[in-house]
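Thanks for asking me to look this one over.

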Amino acid sequence: EDSTRFSGAFTFTNASLKAGVEISDLNGTLDSTYQSLPGGAAPQFSLDAAGAQFRVAGIWLTGGRAQIRSGARRGEIQIPQASGDCYAGRFNARADVVRSTKDDESPLRFNSSVQFAGVRLNPLLRDLSETLKDAPDHEPEGTPPTDAASREDFSRGLLDAEFSMTGLVDKSQSRRGRGTVRVQGGRVVNLPFITRLVEVSNLVLPANAGL
């Protein structure tokens, strides 16, 4: 029969969490409100997060902001906006968790999408390579690349990408997704022979271009 309401701001340093992927080295603030009313209605909450810097699966992101809201029914979550900087480019993400049917006890389904634009590929690949090293106790470099360094590194081109995924919460075998990646403006890999085959197969004169 009681009602509960609070609001407040949190500041955190070197926080980490798992939200489908590993998020670590998170420094920032969180403004929150929460309200629960009598009668069995779903609690209502809102979270506005700002991260000066953080790492998602080993990739550095900076200047991130996200809005997280409760849905209409218990267990539902809306993330209408999450954005920030990524290796001198930008990222934007949206997600939600909703009931599969109108039944309040039905399974929860998540939907998510993320876009990257103008990301410098070379520093991104460097950090991914560090993360994927075999040593189980390996720790990647503890500071994100500076904006100045990233903005000047066009050696392997600029990356634009989009990914989407859906599935049932806690049922990894139900996950389905798709994505596209485009890299242009730099030398991704240097395979002269393969490049020639592509040119010949498309009846294009040799251009001595990097792939």
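1. Arg120 touches Tyr87, Ala88, Ser150, Arg151, Asp153, Phe154, Gly157 and Leu158, leaving aside residues up to four places away in sequence; a contact here means heavy atoms within 4.5 Å. Arg120 lies in strand β7, and with a relative accessible area of 11% Arg120 is buried. The cut-offs are under 20% relative accessible area for buried, over 50% for exposed, and partly exposed in between, with a 1.4 Å probe and protein chains only.

2. A word on the basis of all this: the model is predicted, so local features need pLDDT of at least 70 and side-chain atom pairs count only at pLDDT 80 or more, while totals for chains, interfaces and linings use all residues. Residues are numbered from 1 along each chain as its sequence is written, and side-chain values use heavy atoms, with hydrogens and water left out.

3. A polar atom of the Arg120 side chain lies 3.5 Å from the backbone oxygen of Ala88. That counts as a polar contact, a pair of N or O atoms within 3.5 Å; within protein, one must be able to donate a hydrogen and the other to accept it, and residues adjacent in sequence count only if both atoms are side-chain atoms. Ala88 is found in the loop between β5 and β6 and is buried at 14% relative accessible area. Ala88 also has a positive phi of about 70° although it is not a glycine.

4. Where is Asn14 found? Asn14 is in strand β1 (residues 4-18), and Asn14 has a positive phi of about 55° without being a glycine. With a relative accessible area of 55%, Asn14 is exposed. For background, most residues other than glycine have a negative phi.

5. In order from the N terminus, the elements run β-β-β-β-β-β-β-α-α-β-β-α. Buried residues make up 28% of the 211 residues. Of the contacts with a separation of 6 or more, 49% come from residues 24 or more positions apart.

6. Which residues of the largest nonpolar core touch the most other members? Cys86, Tyr87, Phe116, Val119, Leu124 and Leu159 do, in a core of 17 residues. At least two residues of this core come from each of β2, β4, β7, α1 and β8 (158-168). Such a core is a set of buried Ala, Val, Leu, Ile, Met, Phe, Trp, Tyr and Cys residues joined through side-chain atoms within 4.5 Å.

7. Leu121 and Gln184 are 63 residues apart in sequence and 9.6 Å apart in space, C-alpha to C-alpha.

8. On charges, the whole structure holds 6 salt bridges, each a side-chain nitrogen of Lys or Arg within 4 Å of a carboxyl oxygen of Asp or Glu. One of them joins Arg55 and Asp25 (3.1 Å, N to O). This pair links distant parts of the chain, with Arg55 in strand β3 (residues 44-56) and Asp25 in strand β2 (residues 22-36), 30 residues apart. Arg55 is buried at 5% relative accessibility, whereas Asp25 is partly exposed at 27%.

9. Asp48 and Arg69 also meet in a salt bridge (3.1 Å, N to O). Asp48 lies in strand β3 and Arg69 in strand β4 (residues 59-70), so the pair ties together parts that are 21 residues apart in sequence. Asp48 is partly exposed at 31%, and so is Arg69 at 26%.

10. The last pair is Asp104 with Arg73 (3.9 Å, N to O). Asp104 is in the loop between β6 (89-99) and β7 (108-120), and Arg73 is in the loop between β4 and β5 (77-86), 31 residues apart. Salt bridges that share partners join Arg73, Glu76 and Asp104 into one network.

Terms used
Helix = DSSP H or I, 4+ residues; strand = E, 2+ residues; numbered from the N terminus.
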